[in-house]
Amino acid sequence: MAFYMCCFKHLCGATPHTTVPIRTTPTIVLDTGYMGHEVVIVKNGVRICGTGGALGNIPILQNKAYFEVKLQQSGVWGVGIATRNANLNKVPLGEDAQSWVLCSDGAVRHNGEEKHKIPDVPQEGDILGVAYDHVELNFYINGRPTNTPVTSFKGTVYPALYVDDGAILDVVFENFNHGPPSGYDSIMVEKSLLEND
């Protein structure tokens, strides 16, 4: 019996326990390493203000990804996707081949071209949805589709936002105000990104 008690004592508390590091999935936020020089990112990486653009810290690699942006304060703004080669100091985004955005004037822009124009321009308090599946980029306003698909993407893309003239945007990467379109989900962190700690 003493032998069993000795083993029990050894296994259940007589020796110090070492801690095992627990890997946590990175939080998706706006990336302070990829933002314009006059951009301010606050609220734990979800609010953008100032002047310029910022990218999310995680690329969109999955087949169907969705995120939302709340228009907290009006001004000049845009939401969409961009590569890390986009000029985040120049407003508006969408003027180069590296960004695809819905702008505050209702225009959907890419490479300096107005691809679409929506009739109902988003207002302060509106929720803008962005759905991307590597074939099409679609925008939603308060859960309703704008029917303004954009195509022809090249490179690895990230969520992209820009602000100017007093605009304030809050990005939402989970717990959405409006459910994503059927088959879409929040941006997922790829396993290989977790292994590069």
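Select Asn175 to start: Asn175 sits in the loop between S13 and S14, where strands (E, at least two residues) and helices (H or I, at least four) are DSSP runs numbered from the N terminus. Its phi is near 55 degrees, a positive value in a residue other than glycine. At 70% relative accessibility, Asn175 counts as exposed; the scale calls a residue buried under 20% relative accessible area, exposed over 50% and partly exposed in between, with a 1.4 Å probe and protein chains only.

The model is predicted: local features need pLDDT of at least 70, side-chain atom pairs count only at pLDDT 80 or more, and totals for chains, interfaces and linings use all residues. Residues are numbered from 1 along each chain as its sequence is written, and side-chain values use heavy atoms, with hydrogens and water left out.

**The whole chain**

Zoom out and colour by secondary structure: the chain has two helices and 14 strands. Of its 197 residues, 44% are buried. Now consider contacts, meaning heavy atoms within 4.5 Å. Among those in the chain with a separation of 6 or more, 65% are between residues 24 or more positions apart.

**Back to the S13-S14 loop**

Select His178, which is also found in the loop between S13 and S14. His178 is partly exposed, at 25% relative accessibility. Beyond its neighbours within four places in sequence, His178 is in contact with Tyr66, Glu68, Ile127, Asn142 and Gly143. Draw a distance from the C-alpha atom of His178 to that of Gly129: the two are 49 residues apart along the chain and separated by 8.1 Å.

Next, show the aromatic side chains. Rings of Phe, Tyr and Trp (its six-membered ring) pair if their centres lie within 6.5 Å; planes under 30 degrees apart count as stacked, over 60 as edge-to-face and the rest as tilted. By this rule there are five aromatic pairs. One of them joins Tyr66 and Phe176, edge-to-face, at 4.9 Å centre to centre and with 80 degrees between the planes. Tyr66 lies in strand S4 (residues 65-73) and Phe176 in the loop between strand S13 (168-172) and strand S14 (185-186), so the pair ties together parts that are 110 residues apart in sequence. Tyr66 is buried, with a relative accessible area of 2%.

**Asp133**

Move to Asp133, in the loop between strand S9 (127-132) and strand S10 (137-141). Polar contacts are the thing to display here: pairs of N or O atoms within 3.5 Å, where within protein one must be able to donate a hydrogen and the other to accept it, and residues adjacent in sequence count only if both atoms are side-chain atoms. Which side chain makes a polar contact of 3.3 Å with that of Asp133? The partner is Tyr184. A polar atom of the Asp133 side chain also lies 2.9 Å from the backbone nitrogen of Val135. Leaving aside neighbours within four places in sequence, Asp133 is in contact with Asn63, Lys64 and Tyr184. From Asp133 to Thr151, 18 residues apart in sequence, the C-alpha distance is 9.9 Å.

**Arg109**

Select Arg109 in strand S7 (residues 107-110). Is Arg109 buried or exposed? Arg109 is buried, with a relative accessible area of 15%. Its side chain makes a polar contact of 2.7 Å with the side chain of Asp105. Apart from neighbours within four places in sequence, Arg109 is in contact with Gly94, Glu95, Ser99, Trp100, Val101, Cys103 and Glu114.

**Two backbone stops**

Go to Pro92, in the loop between strand S5 (76-82) and strand S6 (99-103). The peptide bond from Val91 to Pro92 is cis, with omega near 5 degrees.

Then select Asp165, in the loop between strand S12 (158-164) and S13. Asp165 has a positive phi of about 55 degrees although it is not a glycine. At 58% relative accessibility, Asp165 counts as exposed.

**The largest pocket**

Finish with Pro26, Thr27, Ile28, Phe173 and Glu174, which lie nearest the centre of the largest pocket among its 14 lining residues. On a 1 Å grid over the protein atoms alone, a pocket is an open set of points where a 1.4 Å probe fits, with protein on both sides within 12 Å along at least five of seven lines; lining residues have an atom within 4 Å of a point. The volume of this pocket is about 250 Å³, taken as the space filled by probe spheres set on the points, which are joined across faces, edges and corners. Its lining has nine nonpolar, four polar and one charged residues. Here Ala, Val, Leu, Ile, Met, Phe, Trp, Tyr, Cys and Pro count as nonpolar, Asp, Glu, Lys and Arg as charged, and the others, Gly among them, as polar.
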